[in-house]
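Hello,

Here is the structure I promised to pass on to you. Have a look at it first, and then read on for what turned up.

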Amino acid sequence: MESKRGWLKQSFGKRLNAIHSWNAWILMLLTITGIVLSIGAIRGDLGSFRVTLKQLHIYLGVASILLIALYAPMIRKHWRQIRARRNQRANLVFVLALLAGWAASGVILWQFRHLPPAWNNTALLLHDLLTWVGVPYAVYHAISRSRWLKRQQRLEQAAAAAAAKPPAAQPAAAKDPVAATDATAERSAAQAVIAALKESPITRASFLRIAAGLVIVIAVGPAFYRWIKGAFDNGGSATAEYVAGDGNSMLPPPAPLPDSAAVVGGGAQGNFRIYTVTEIPAFSSETWQFAISGLVDKPSVWNWEEFLKLKRTVQVSNFHCVTGWSIYNCTWEGIPLKQLLAAAGVQSKAKYVKFYSGDKVYTDALSLEQAGGDDIMVAVLLDGKPIPQKLGGPVRLIVPQMYAYKSVKWLQGIELIEKEHMGYWEVRGYDNDAWVDRSNNA
């Protein structure tokens, strides 16, 4: 209560400056944590710290929302104070729109487990777009409003005022008043010429602001263009690039079934974001092997050609990442997991199915009951083409009704086990319950 009274006793200007300062610090921390979280290449290096960092990002977001709530009662008075300053009004509207958009999309991404994937996908797109626009603008705003630039502007204004001041009247010569008048006129004319030469079409402070803006645009522009091109291209153009630049050497390539070749799903809608906890491995059909072992009656191992002879099916399903993005209508072709398990002969002691990635680091698991789902597939083709290495090929697990950290990339081994296994991300803080729709776990 005392702190509330102390806050209210402060002058309006001090409260406004305090909110502005707090918001600047929180925005800086949100930017740093957000950028670190978005870099897929260091996800594995961060480990469990990534979960902590994500929680910190959420707490900072909540603090930002509280600041908006604290500022809300002050908006009307602040708006009246700057009614004659168009630039400041425009800046205020823009910043409030940014903060409101970040807050709304951030809350949706925070509560992603309780909302439809389409909401999360839209919120992530908006959150990223506002970040691409808002962070460079905040940097520019910080530079253009810096104390040094303000000091430059004050000095220029003082110099302009001094130049505009009329010259002091010269005492007229007593002996020759006409000559004195001519001399004064000439002096005034000369000073006017010099003053005109001193006038610049752009002040130094304005030039520095423009230069700062150009540097930011040049630095951020190309990356923003690439992002916006991929974000708003729902035709999977990035996937086509991954296929064209695939580093795997798997011969012969799998021959697609008719439904797969026709891409019955119409083609994946959206672009995959590449996340990995290791260097992306490359595989060759000469050395590649796939094994199923553990608590089974018939342990088996296949080379590439033998694996391609296994009976495959085609399915159309959606692919959901726990970070909020989704790919819709993927046409997958592969071997149903329950077909592999039935052929291996699962023993009564087996309770869980453990999956091994060919990167020799990543593992995950499903209960035997979960693994019996009709749509769980050991996939070899996506939209009628071999799965490229960047998307987990040549073979990856697909668990459509769970978040993608369960869909193990570069799958090469399956083991039936008795005790529960916690996967790579689960031991680092992710939920073992990975259902996209939690009602599936009821």
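Predicted model: local features only at pLDDT ≥ 70, side-chain atom pairs only at ≥ 80, totals over all residues.

Over residues 56–72 the chain is 94% helix and 0% strand, with 24 Å between the end C-alpha atoms.

Now for the chain as a whole. It has 15 helices and 10 strands, and 38% of its 442 residues count as buried. Among contacts with a separation of 6 or more, 73% are between residues 24 or more positions apart. The accessible surface is about 25,000 Å², and carbon and sulfur atoms account for 61% of that.

Helix H2 covers residues 12–38 and reaches 38 Å from its first C-alpha to its last, close to the expected 39 Å. Its buried residues include Phe12, Arg15, Asn23 and Leu37.

Helix H14 spans residues 337–344, and its buried residues are Leu337, Leu340, Leu341 and Ala344. Down the axis of H14 these fall within an arc of 95°, so they line one face of the helix. Exposed residues Ala342 and Ala343 sit on the face turned away from that buried side. Just after H14 comes Gly345, with a positive phi of about 75°.

Enjoy exploring!

Key
Residues numbered from 1 in each chain as written. Heavy atoms only, no water. Helix = DSSP H or I, 4+ residues; strand = E, 2+ residues; numbered from the N terminus. Expected span 1.5 Å × (residues − 1). Buried < 20%, exposed > 50% of the residue type's maximum accessible area, 1.4 Å probe, protein only. Contact = heavy atoms within 4.5 Å. Areas by Shrake-Rupley, 256 points an atom, 1.4 Å probe, with all protein chains shown as cover. Arc of directions from axis to C-beta.
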